[in-house]
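Hello,

Here is the structure I promised to pass on to you. Please have a look at it, and then read on for what turned up.

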Amino acid sequence: MNQYRVLVVGMGKRGMHHATTFKSNPKFQVVGICDIDAARLEAAAAKLGNPKTGTDAAALAKELKPDLFCFCTLPNLRLPLIKLGVECGAKLIAFEKPVAMSSAEGLQIKQALDQSGVKAVVSHQHRYGEHYKAVKKIVASGALGQVHTVYGTATGWAAHMLSHLIDYTCWFNDYTDAAWVMAQAAGRGKLADLHTSPDYISGVAHFNNGVRGIYDCGAGAPDVPEVPYWWRKCRIGAQGSEGFAEVMTGGGWRAVTKSGGYQTGEGGMNYDYDMPPYVQEMADWLDDDKQVHPCCFANAYKGFEMMAGFYRSVAEGGQIALPLTTGADEIALLKEKVPAKKVILTLGESAKEYGTTA
Ligand SMILES: NC(=O)c1ccc[n+]([C@@H]2O[C@H](COP(=O)([O-])OP(=O)(O)OC[C@H]3O[C@@H](n4cnc5c(N)ncnc54)[C@H](O)[C@@H]3O)[C@@H](O)[C@H]2O)c1
């Protein structure tokens, strides 16, 4: 059996999720962990069987030459670690959403991966939930008739949530390319956050197969009253000529179809449940080039371009044609253009996150 040596950089919440899941899968061996915070690193090492540790990712990567280079840093650090993963000879790079904070950086990441041929996956792992899989199964079965609309809403802000919403709607639509996107945004509070975003963004996408995508993310998004936990108030679904099916990230799914009537089921987003298959499918792809990981970079990049296109539309106005052919700094554009008016909340409990009142 091939066993793959893994280095994990960034031992925060997501780094620990990744490292513990790699550790418990016999296809992987965690040979090193890295964080700039020495105390955090020490605590992580004790839980992970004391692999090699270091505070300098480049030095550790070059020494260990891992098969799999995983990094789980905040969104302000992407391109240098992609380059490091390529340079240290990794066969696969696993990293966190969002792909990048600007299309300029995203394009360079794409070039570095395309030129090197290194495989990469981006962590849109909610899809492994039973409730997500149930909805995908219904959509893929044809029971909705001709699918014409996919949609996603979340009360959390865009750098946290929009990438997830877009990715799962694209999955429901078989990753058909988008032809164009258009969006509006409100609220400057989260432009100061490390997960830099407008407080609220609302946009539409037109896919090449005629399907329409509708997205609502942040302070002005609608409530998902079925779900109590604020961060998991996400509704993602598809509508067709013969019914609809939708998943609520924090709990359950429902569908109404011509042939099946009203259907509903359980399921809730759970890292412990979602991470093992996400990690196993990295081993499957490393073992066999044909078993492309469903969270492969090529899929994630489509959603990333849509998100960057939304931001450009906010700044420039009008529709943005995809694919993007030139890079820009969308965050700088948003900082210039999002109006100074306070965002209007749709949900009282959002006040604690957005610092304003409903
Ligand atoms: N896929 C999901 O469901 C999901 C959920 C939460 C967060 N995320 C994403 O995961 C990423 C990380 O989020 P988090 O909540 O784990 O953050 P975190 O702040 O808990 O952890 C980040 C870690 O990276 C370390 N770090 C920063 N710079 C470093 C460097 N140069 N070298 C080594 N270590 C460095 C920090 O010290 C920190 O320990 C973000 O992009 C976030 O959007 C994804």
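On disulfides, the count for this predicted model comes to 0, with a cut-off of 2.5 Å between cysteine sulfur atoms. Take Cys-217, which is in no disulfide: the nearest cysteine sulfur belongs to Cys-234 and is 7.9 Å away. Is Cys-217 buried or exposed? Its relative accessibility is 0%, so Cys-217 counts as buried. Cys-295 is in no disulfide either, and the nearest cysteine sulfur, that of Cys-296, is 8.0 Å away. Cys-295 has a relative accessibility of 3% and therefore also counts as buried, the limit being under 20%.

Now to the ligand, which may be the part you care about. Where does the ligand sit? The space it takes is the largest pocket. How many residues surround the ligand? There are 23 of them, and the closest are Arg-14, Asp-35, Arg-40, Arg-78 and His-195.

- Asp-35 has a side-chain N or O atom 2.6 Å from a ligand oxygen.
- Arg-78 places an N or O atom of its side chain 2.8 Å from an oxygen atom of the ligand.
- Arg-14 uses its backbone instead, with an N or O atom 2.8 Å from a ligand oxygen.

As for cover, the ligand taken alone exposes 860 Å², and the protein buries 83% of that.

Best wishes

Conventions
Residues numbered from 1 in each chain as written. Predicted model: local features only at pLDDT ≥ 70, side-chain atom pairs only at ≥ 80, totals over all residues. Heavy atoms only, no water. Near = heavy atom within 4 Å. Polar contact = N/O pair within 3.5 Å; in protein donor to acceptor, adjacent residues only side chain to side chain. Areas by Shrake-Rupley, 256 points an atom, 1.4 Å probe, with all protein chains shown as cover. 1 Å grid on protein atoms, 1.4 Å probe; cavity = no way out; pocket = protein on both sides within 12 Å on 5 of 7 lines; lining within 4 Å. Sits in = over half its atoms within 2 Å of the grid points. Buried < 20%, exposed > 50% of the residue type's maximum accessible area, 1.4 Å probe, protein only.
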